[in-house]
Amino acid sequence: MRDARNKPLASGRPATIAAFKDAALVGLATLGLGFPILAYRTEQNISNQLIIEPRWALAFSFAGLAFALRLAWLMTSAGRSSIPTWSMPVLSKRAGDTISRAGLGILLAYPFLALWITGPGGAIKWIDNFGIQILIYVMLGWGLNIVVGLAGLLDLGYVAFYAVGAYTTALLSTHFGLSFWLCLPLAGMFAALWGVLLGFPVLRLRGDYLAIVTLAFGEIIRLVLINWVDVTGGYAGISSIPRPTFFGIPFNATETGFAATFGLEFTPLHRLFFLFYLILALALLTNWVTIRLRRLPIGRAWEALREDEIAAKALGIDTVITKLTAFAIGAMFGGFAGAFIAARQAFISPEMFVFMESAVILAIVVLGGMGSQIGVAIAAIVMVGGTELLRELDWLKAIFGKDFDPTQYRMLLFGLAMVAIMIWKPRGLISNREPTIALGAKKSISSSLVREGHG
Amino acid sequence: MGIELCSWGDMDYFLQQLVNGLTLGSIYGLIAIGYTMVFGIIGMVNFAHGDVFMLSTFISVIVLLILTQILGISSIALALFLVLIAAMVLTALWNWAIERVAYRPLRGSFRLAPLISAIGMSIFLMNFVQVVQGPRNKSVPPLMTDLLVIPIGTSNITISLKQIFIMATTALLLAAFWYVVQKTSLGRAQRACEQDRKMAALLGIDVDRTVSITFVLGAALAAVAGVMYVVQYGVVNFSDGFVPGVKAFTAAVLGGIGSLPGAVLGGLLIGLIEVMWSAYFSIDYKDVAAFSILAIVLIFMPSGLLGKPDVEKV
């Protein structure tokens, strides 16, 4: 197979035959892969016995598709020895600023645009499922970016801090009646505390090992949340968490509610608008703090740590403090996001904080190009927005039949997209870096020159 | 958390749990070899390996049903033998394809890329099985229900035939695997690549092929674990790859990552700890125990029980 690709397929029939042979092999392999798992479907029959139903057509059509795609690929790329690499144009500082400003403007106007274009009925979906959902992941991505992108500490248990924030808010507000605005900073503080607590034992670890230990910590926290039923309610979770208020004015239809106070007609959209701007503000706060911190000595210490821990130590950087602050600040933003999600849903359960969430957040950071703020935002929009968009593809039912449910394929495509983006651009979507501090003119460099961090 | 004092002295109960623990441990050990071999040769935590194991359980269930329902094979022993062969071949094919598509293009790329690709593959496999086979639990009727009662002193311990089958098959296949790695040229190439990939390439070893073979062998052993899992528990679900995967990885780490005997030893230990923990302490926190061991071993003893210490080079 490899021989066929590496040989210059310059001309004539032998190349075509080789391509056919190669594609036939790929088709055959696909048929082999699909043999039991695609070709037979297991079903429970009426007497609760497992039976199998053949559906060879599906297996054969996949094999045929693989054959056709491989053939098309070989035919069109014949003569080329390798895939051309495409890189994002390096933006000048001014262009980058313009794009950021335009993006910010669109974000600020987004709820109104959604309302204007889709009307009150459609706007709920567009603001809630798309706007707020994506912004939560943008914020989590930016928070994790501090740990992974700047300090180079690979954290696979970030969702633990998100959970700590959410449970802090839920418990404090349901048991002690604290308002959302008090819970928010407390959630951040508790999450930061947990960041330090969990960061302490892993100071010596690096790379993959660090990733696995943080994964274990994340799972331990989730399992404790499940099993400590007296406090956390176990699988049932915590419900009726008070909603956030507009500086003490609740979003309801009562006399003292937001609508009545400002002389507006009551609609649930008010709360959504408020939540949208709240998460936008939190996300922008994360971004602003990150950008500022990068210029402070601590931010530069993080980046030094990422590039070379031993050299950083030799130059007198206190690696313990540097690592712990990265964990704590990253965790704090996770905690803020957790406080927000608890107040937004009014319900939390351990199911919301599974490992898959950590993986998705880390994927967003890496796919965006580690350390790039705008890249993380783009990755969140593409990955979360793209999969949410699948819910909208009802017209596909017309093609594939009534039973076809595009939402089933959300995570499947998410996984495939992760693999595809890694192969296409291993350094993430935005793969050039601008130095934080420079003498004279700043020059962007390819992130291939940036170490991934073994710390 | 009811600790019954009488059960501490109950030898009978202890031996019973010992057998259960070794059975579970054999399954973990078989999966752990896949992790440890891949880590040894390309230095990557193959996150999708747990899901490859899950896929193999589905393949074994479907092949078993094909054999019994369509081909009408009534002999359980023959059916299981065929299931074992088919599951090993097909799972190996899957892992070979996964390596070709998702990991090989990233060889030599920066270190996080294969990890992210593997996480993506894990998400894909899990959801692929969910989409094509449905989200519900799939259970097969119990296989090999015969019990064997062994009198020890005044009491008896009961070992089911399937537990003997699982342990015997595991031991047999591990011996075969050991032979392949230690005595054949294939195994020599594999070990050479593990020590120094560049040097092995210079000496004429096809590194890509060797890595492929590593994935194939790892998947074949995971498939054995998958068949054992189906025989022992009889229920498969698309989401049952992650937790056994993490526990097997814990086993690999505990035994010393990169070490094959270590993986088996670690697997047996993790299986025993899990079963004993559930038997004497609390079943709710058994997964917490496994994850805690993972964290503690990695923090305090990163080279594991049988691994070589990692020398830091400046």
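This is a predicted model: local features need pLDDT of at least 70, side-chain atom pairs count only at pLDDT 80 or more; totals for chains, interfaces and linings use all residues.

Trainee: Where does Ala346(A) sit, and what is its phi?
Mentor: You'll find Ala346(A) in the loop between α13 (319–345) and α14 of chain A. Its phi is near 65°, a positive value in a residue other than glycine.

Trainee: What about Ser240(A): which loop is that one in?
Mentor: Ser240(A) is in the loop between α8 (229–232) and α9 (258–261) of chain A. It isn't a glycine, yet it has a positive phi of about 45°.

Trainee: And is Ser240(A) buried or exposed?
Mentor: Exposed, because Ser240(A) has 10 other C-beta atoms within 10 Å, and 12 or fewer counts as exposed.

Trainee: Switching to the inside. Which residues touch the most other members of the largest nonpolar core?
Mentor: Met139(A), Ile279(A), Ala363(A) and Ile364(A), out of 232 residues in that core. Helix α4 (residues 93–150) of chain A contributes the largest share, 17 residues. Domain 1 (2–76) and domain 2 (107–449) of chain A each put in at least three residues.

Trainee: What is Met139(A) in contact with, leaving aside its neighbours within four places in sequence?
Mentor: Ile279(A), Leu282(A), Ala283(A), Thr286(A), Phe333(A) and Ala337(A).

Trainee: Now the two chains. How many residues of each are in contact?
Mentor: There are 48 from chain A and 51 from chain B.

Trainee: Which element gives the most on the chain A side?
Mentor: That's α7(A), with twelve residues. Other elements supplying at least two residues each include α2 (12–39), β1 (40–44) and β2 (50–54) of chain A.

Trainee: How does that side of chain A divide into nonpolar, polar and charged?
Mentor: It has 37 nonpolar, six polar and five charged residues.

Trainee: Last topic: at what angle do α6 and α9 of chain B cross?
Mentor: Roughly 175°, with the axes of α6 (residues 161–183) and α9 (residues 207–233) coming within 10 Å. The two helices are therefore roughly antiparallel to each other.

Trainee: Which residues make that contact?
Mentor: From α6(B), Phe165(B), Ile166(B) and Leu173(B) are among them, and from α9(B) the set includes Leu217(B), Leu221(B) and Val224(B). By class, the contact has nine nonpolar, two polar and one charged residues.

Note on methods:
Residues are numbered from 1 along each chain as its sequence is written. Chains are lettered from A and ligands numbered from 1 in the order in which they are written. A nonpolar core is a set of buried Ala, Val, Leu, Ile, Met, Phe, Trp, Tyr and Cys residues joined through C-beta atoms within 7 Å. A residue is buried if 20 or more other C-beta atoms lie within 10 Å of its own, exposed if 12 or fewer, and partly exposed in between; C-beta atoms are placed from the backbone. Helices (H or I, at least four residues) and strands (E, at least two) are DSSP runs, numbered from the N terminus. Domain bounds come from an automatic or database domain assignment. Two residues are in contact if their C-beta atoms, placed from the backbone, lie within 7 Å. Ala, Val, Leu, Ile, Met, Phe, Trp, Tyr, Cys and Pro count as nonpolar, Asp, Glu, Lys and Arg as charged, and the others, Gly among them, as polar. Axes are lines fitted to C-alpha atoms, for helices over the stretch in contact, and angles run from 0 to 180 degrees between N-to-C directions. Angles under 35 degrees count as roughly parallel, over 145 as roughly antiparallel, 65 to 115 as roughly perpendicular and the rest as oblique.
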